[in-house]
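Colleague: I am new to this model. Please take me through the ligand site, and tell me what each term rests on.

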Amino acid sequence: MRIIAFASGKGGVGKTTIVANLGIALARQGKKVLMVDTDLAMANLSLILGMETSPITLNDVLKGDAGVWDVVYDGPEKVSIMPASLGLQDTQRLDLTKLPGIIKQVAPKYDFVLLDCPAGIGEDTLAAMASSTEVFLVVNPHSLSIADALKTKIAAQRINAKPVGLIINMYAGLKGEIPERDIISMLELPLYGVVPYDEEVRKTFYYKKIQPVILRNPDAEASKAVYVVAGKILGIEIDIKKQGGGFFAWLKRLFSR
Ligand SMILES: Nc1ncnc2c1ncn2[C@@H]1O[C@H](COP(=O)(O)OP(=O)(O)OP(=O)(O)O)[C@@H](O)[C@H]1O
Ligand SMILES: [Mg+2]
C-alpha cells in the first residue's frame, strides 16, 4: 500500500491531470487505486474524470457529517474516487487534522492512494502530505515552478513527509525551458518521467463525454509518458504499444476484464 501525495507549490502545473491519468494507468496494470481530491477549496479531480457532482464529499467527512466509506465513488476503469466539494460554502468548519486518519482508514483496501494536493503549502497541502507515505513533486520546466517545488520539498521534510520523486510536466522543448538535468540537480530527486506539453490533454473537456487523455487517446504523447511514469513507480517496464488505442486493443481490454 502506497499513499502518494502529488504537490507542486505553484498552481496549474498539472497535478490533477497527472493524478487522474496516472491513476488510470496504474489501474490498467491491475492495481487497486483510490484517488483523493485534497484540493478542498478548488476541487476538480472529479470533473477531469467526467464524474457528476457527488452528493457527499470528503468535505463532509472533515466536518464530521459523513462516514469515510460514504464518499468513495466508482470512477472509470475500476478506480475509486474520493471527491471534494465543488460548492463555495463547503470550506468552513473543516477539521484538517482528521485527514491523515481518514486516509489511513481507507488505504489498506488499495495498492495505491493518490492524493491530489492543492497549490501552495497551506494547511491543506501540509495535511495531505502528512497523510502520505511519499511525496511526488510535479514541476514545469520553468524557474518559478522549480523554486516553488523546492519550497514544497522543504516544507514536506519539515513535517517528516518523504519527497521521493519528480515528474516534469508540460515539457515543450522550447528555448528558455530549464533542462531536465538541471531540474534534477536543483531538486535533488529522481526523475520519474517527462510528460510533454500535448494539445491532446487540453481536449479533455472538448467533447460531451469528459475523459482524461489516457482514456480518450491512449496513443497521445502525454498518455504514453504517463505510462512510463506508472512503470517506473511499479518498477516494471510497461509495453506502451499494448496500452495504445485502436479497435483491437480496445476489444482485447474489454474481453480481459
Ligand atoms: N501535459 C500537458 N499538456 C498540455 N496541457 C496540460 C498538460 N498538463 C496539464 N495541462 C493543462 O493545464 C491546465 C492545468 O492543469 P491541472 O489542473 O492538472 O493543474 P494543477 O496543478 O492541478 O492546478 P491547480 O494548482 O490549480 O490544482 C489544465 O487545463 C490542463 O488540461
Ligand atoms: Mg489541481
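Predicted model: local features only at pLDDT ≥ 70, side-chain atom pairs only at ≥ 80, totals over all residues.

Modeller: Residues are numbered from 1 along each chain as its sequence is written, chains are lettered from A and ligands numbered from 1 in the order in which they are written, and side-chain values use heavy atoms, leaving out hydrogens and water.

Colleague: Which residues are closest to ligand 1?

Modeller: Gly 14, Lys 15, Thr 16, Thr 17 and Pro 196, out of 17 that surround ligand 1. A residue is near a molecule if one of its heavy atoms lies within 4 Å of it.

Colleague: What makes the pair between Thr 16 and ligand 1 a polar contact?

Modeller: A polar contact is a pair of N or O atoms within 3.5 Å. A polar side-chain atom of Thr 16 lies 2.8 Å from a ligand 1 oxygen, so the pair qualifies. A backbone N or O atom of Val 13 is 3.1 Å from an oxygen of ligand 1. Arg 202 brings a side-chain N or O atom 3.1 Å from a nitrogen of ligand 1. The protein buries 81% of the 630 Å² that ligand 1 exposes when alone, by the Shrake-Rupley method with a 1.4 Å probe.

Colleague: Why is ligand 1 said to sit in the largest pocket?

Modeller: Ligand 1 does sit there, which means that more than half of its atoms lie within 2 Å of the pocket's grid points. A pocket is an open set of points on a 1 Å grid over the protein atoms alone, where a 1.4 Å probe fits, with protein on both sides within 12 Å along at least five of seven lines; lining residues have an atom within 4 Å of a point. The volume is about 590 Å³.

Colleague: Which helix gives the most to the shell around ligand 1?

Modeller: α1, with three residues. α1 also has the largest share of the pocket lining, five residues. A helix is a DSSP run of H or I, at least four residues, and α1 spans 15-28.

Key. Polar contact = N/O pair within 3.5 Å; in protein donor to acceptor, adjacent residues only side chain to side chain. Helix = DSSP H or I, 4+ residues; strand = E, 2+ residues; numbered from the N terminus. Points joined across faces, edges and corners; volume = space filled by probe spheres on them.
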